[in-house]
Amino acid sequence: MDEVNAVNEASVTNECFQFTGKAGEFFAIWIVNIALTILTLGIYSAWAKVRTNQYFYGNTFLADASFRYTANPVQILKGRIIAFVVFMAYSISTSMDPVIAGGALILLMILTPAFLVMSMAFRLRNSMYRNVRFNFDKNFKRAYFIFALPVVVIGLYIFITSQIQNFVAEDPESMATFGIALGILLLAMVLMFPWWDYMVTNFKVVHARFGTSDFKFTATTKNYYRMYFIAFVLSILIFGFAGIIVAGVIELLKSGEETGDFPVIMPFLIIFIMLPAYLWLFAYMQAKRTNLMYNNLDISGNKVQSELKTGYLLYLYITNTLAMMISLGLLMPWAKVRTARYRASVTSLNVAGDLGQYTSAQQQQQSALGEEIGEMFDMDLGF
Amino acid sequence: MIKGSYFNGVTSEKKDVLLYFTDDGLIGFNGLDIDEVDYNSVTVSSRIGNTPRYINFTNGAQFETCDNDAVDQMVKTLANEPGHGLAHKLESAKAFILFTVVAVILFGWMFIQYGIPAMSKQVAEWLPDEASQYMGQGVLEAMDKSWFSASELKQQRQDELRKLFNGLLKNIKGSQDYKIEFRLGGKIRANAFALPDGTIVFTDELINLAEDDLEIASVMLHEIGHLKRKHSLRATIQQFSLAMFVMVITGDVSTSSSIITAIPIMLVESGFSQKMETEADSYSLEYMQQYGINPAYFAVMMEKLEASYMPQYISCMEALRKDEDNRAKKIKCITDAVKLNKEENAKAGKNTLDYFSTHPSSEERVERFRNKI
């Protein structure tokens, strides 16, 4: 018995992800992309996107093999042209007639889940590792199910707020009823959010495949509620603290003689006190959500490990932002490369079996149109 | 010989192999029991920096290698494709990169400086008036809530100024919806605002600065200029387009958050409104000349506005607060402050906060109107 266990434990190896990209090298690719995009009036942007993705995928290694991005730029270009035409048609229609505008907006909302699914499928189907493609089940029914509830609740909220004046004008006493109804809806939205985030993440994971192998998602709604609850408590503490500092500074200025400096100091207060608080929250959620998702990924017994740290992410965001501001955006490639390097450095795979065991799925030729439309919105699901 | 990994296309199994090619265009592997294939039947991925290269075979197999130079050598020997690796050649030419950086910066600057404002102007003119109306809704209410309180000006004085305002509108086409409102500025002090729906708000503090009503008229014309040129609509479109532009160029949420990219926009934005202020100045100047109002009135008003932020002026006015109708003394407060401000400016030189302020340096503006006298 013991012997068997020992053998099993020994066969588990931890493979680290590695990112080998270099800022200088990517800078050259990036600046040439921008120049050619400008010269071709945007047409090259599709090739630029593919080259950028290929650079980042190709520099990401796991167990001495790289990832590969295989999207066809022509297909992306077609998607972008369709997107441009749709966007122009939408803009023109909205400036002509509010009814058409409203209809177009509702249509767009109805189609959004489908676009998300198609965009996800496009991205995964064009991702490869060890000559085996990733894949995504286009389960539209499920996507619509997940999106239905929040849309109904938010729609109800908007409807009530838009109608509230008419009703209250007729019957002033109904105000309290509406207030309570809106309060309940708002509370429902807040309480629903962790569940919804779980559902969306779960949807993305369980419909993904590597070759013929399915991904499993082992997180539960409880994990999500706990994560959001801790984030909520910490934000109250941090924003409360930031608020006290801001109020203190304002009070100090009021009591001083130079009240005239009040409007001048305001942007500085926001930049140096409120912004770090906001950035902290952003980094915290980024780290916790990513970790929670990756640490619960399971592909035929091989498990991902992700140890993003809020502190280091915050440091990256602040230094990246400062660098971009000082360089007018020219240090963007550097920021992207170092972020990718950090993310790879904290991600690893616990390999229980053999990475050579996966089999390629038979690729059926699918209509590309849906994927192009999904691609044109370029919705990043962060997978 | 190229060292790399072989993947058979059916499973993810990785085999370390050596790829060789012959002079007559055949490719094979050392250590694998596979027939040699013709080079023309395989696809070689193009080079991107130092990322691995992939050679794909018709049977679905793939060869992956990090030895870029060897692959380049093979492509050069076996095929004569002048287009192969063109993008990589551009990306690795140092002089070309340097030239591109300069060209892109120049283009970006020109686009932000001239392209976006010109575009926004066109779009603002193209949009129906309802767009401005829509934007203006509730703006005054919001300002009333957070800053203003009811005007302390006497009704008679308000009527007088309204009459002056309506008189100015006579020669201005499409101004039938314009109206003027008075408020006590409080923290905002002496100021005037042109709201998108055609309402112009004057603070009591600004009215109190004027010795002659023509000084107020000059500011009225300036605000009418903002309305006529649809500045608030244009500013909104500009901000939106600039945000889009910055997002397209730097656009990547994973490296920083999008709110952050808005900060440089804020800095550039004040530059935009400086241009609009100058435009409104020109408008005011044009109509002042048409109505036969001496441009010096505007220059005087600008100097007073700047001086009105001095603590000496504020305390001088504070002392007169209970003195209901002491116009002469109030005027003396501001004339003294202007004098003092001029002396201080002469001593200290330029205003250091210039870049953050939305108005062009008032010295420049005053100069402009003085020169027209």
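I began with helix α3 of chain A, residues 45–58, and checked its length: at 1.5 Å a residue its 14 residues should span 20 Å, and I found the end C-alpha atoms 19 Å apart, which agrees. I note here that the model is a predicted one.

I then looked up how covered this helix is, and 12 of the 14 residues of α3(A) came out as buried, so that the helix is mostly covered. Among the buried residues of α3(A) I listed A:K49 and A:R51, together with A:V50, A:Y55, A:F56 and A:Y57.

Next I turned to a helix pair in chain B, where α8 (residues 213–228) and α11 (residues 296–307) pack at an angle of about 90°, their axes being 8 Å apart. From α8(B) the contact draws on B:L214, B:E215, B:S218 and B:V219, and from α11(B) on B:Y297, B:F298, B:V300 and B:M301. I sorted the residues of this contact into 6 nonpolar, 1 polar and 1 charged.

Last, I went to the contact between the chains, to which chain B gives 42 residues and chain A gives 46 residues. On the side of chain B that touches chain A, at least two residues each come from β1 (2–7), β7 (62–65), α2 (86–91), α3 (94–126), α9 (231–250) and α10 (258–290). Which of the elements gives the most to this side? I found that it is α3(B), with 6 residues. By type, I recorded the side of chain B that touches chain A as 21 nonpolar, 15 polar and 6 charged residues.

Notes
Residues numbered from 1 in each chain as written. Chains lettered and ligands numbered in written order. Predicted model: local features only at pLDDT ≥ 70, side-chain atom pairs only at ≥ 80, totals over all residues. Axes fitted to C-alpha atoms, helices over the stretch in contact; angles between N-to-C directions. Helix = DSSP H or I, 4+ residues; strand = E, 2+ residues; numbered from the N terminus. Contact = placed C-beta atoms within 7 Å. Nonpolar A, V, L, I, M, F, W, Y, C, P; charged D, E, K, R; others polar. Expected span 1.5 Å × (residues − 1). Buried ≥ 20, exposed ≤ 12 C-beta atoms within 10 Å, placed from the backbone.
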